[in-house]
Amino acid sequence: MTKSNAGTILLERLKKHKMVAAIKEPKYIEKAIKNKEHLSAVLLMTGTILTVKRYVDFIQSEGLPVILHVEKIGGLEMDGDGIDFVKKNVQPTAIVTTRNGTIKRAKSSGLFVIQRIFLIDTEVYHNLVKDAGQIRSDMIEIMPCRAPDFLKKFTKVSQVPVITGGLLTLPEHAKEAINNGALAVTTSNSKLWEMDLN
């Protein structure tokens with residue numbers, strides 16, 4: 001799957017289904033599959049270089065695109081060889097990372113890249129807005145989702161789609177984030193995966 005195909009498939013699903021299941025333990029994979037009619041994708045945050053391909057293959061065979069959080073995979077180093085391993089062997093629909101070096105290498109290799117940004121203070125937010133025109137990733141995930149006013153302002157200036165997650169515990173939090181410009185929300189709260197946000 002090429003980056004443009006992967007990106008198109010992911011974006012279409014994010015528009016149709018507004019929730020991404022963040023999986024931090026393998027035992028939740030089956031629960032995500034059971035609720036796939038409400039989910040746009042799976043954000044995989046568990047596994048090692050020995051198990052990750054099996055997880056990705058299984059989830060994607062069930063029709064759910066996988067966004068691989070590369071920093072959470074045991075034994076995976078995102079240097080040139082790590083990027084090649086992910087692209088050629090693991091083959092997720094997209095990756096998510098917090099690291100600029102990984103974004104640059106992954107983009108040049110043709111992977112669809114989501115940059116995770118933690119809004120820890122207003123300085124981070126102002127720098128994000130100031131540099132909105134120079135974003136290298138294909139999409140941004142803003143953490144936490146409980147900053148709707150910042151989310152609303154940023155989605156108005158961002159040239160790339162924005163998703164959000166973190167501290168999402170109630171359906172109202174998800175709806176508020178979407179109403180303030182997020183394309184979709186990510187959550188590890190498996191009870192929320194049962195909810196249809198449309």
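Contact here means heavy atoms within 4.5 Å. The model is a predicted one.

Q: Which residues does Phe-154 touch, not counting residues up to four places away in sequence?
A: Phe-154 is one of the residues that touch the most other members of the largest nonpolar core, a set of 49 residues. With residues up to four places away in sequence left out, the residues touched by Phe-154 are Tyr-125, Leu-128, Val-129, Ala-132, Ile-135, Ile-140, Ile-142 and Val-162.

Q: Are α6 and α7 roughly parallel or roughly antiparallel to each other?
A: Helix α6 covers residues 122-130 and helix α7 residues 148-157, and their axes lie 10 Å apart. The packing angle is about 15 degrees, and angles under 35 degrees count as roughly parallel. The two helices, α6 and α7, are therefore roughly parallel.

Q: How do the residues of the contact of α6 with α7 divide?
A: From α6, Thr-122, Tyr-125, Leu-128 and Val-129 meet Phe-150, Lys-153, Phe-154 and Val-157 of α7. These contact residues divide into 6 nonpolar, 1 polar and 1 charged.

Q: Does Met-143 count as buried or exposed?
A: Met-143 sits in strand β6, residues 139-143, and touches Arg-116, Ile-117, Phe-118, Leu-119, Gly-165 and Gly-166, not counting residues up to four places away in sequence. Buried means under 20% relative accessible area. Met-143 has 10% relative accessibility, so this residue counts as buried.

Note on methods: Residues numbered from 1 in each chain as written. Predicted model: local features only at pLDDT ≥ 70, side-chain atom pairs only at ≥ 80, totals over all residues. Heavy atoms only, no water. Axes fitted to C-alpha atoms, helices over the stretch in contact; angles between N-to-C directions. Helix = DSSP H or I, 4+ residues; strand = E, 2+ residues; numbered from the N terminus. Parallel < 35°, antiparallel > 145°, perpendicular 65-115°, else oblique. Nonpolar A, V, L, I, M, F, W, Y, C, P; charged D, E, K, R; others polar. Core = buried A, V, L, I, M, F, W, Y, C linked by side-chain atoms within 4.5 Å. Buried < 20%, exposed > 50% of the residue type's maximum accessible area, 1.4 Å probe, protein only.
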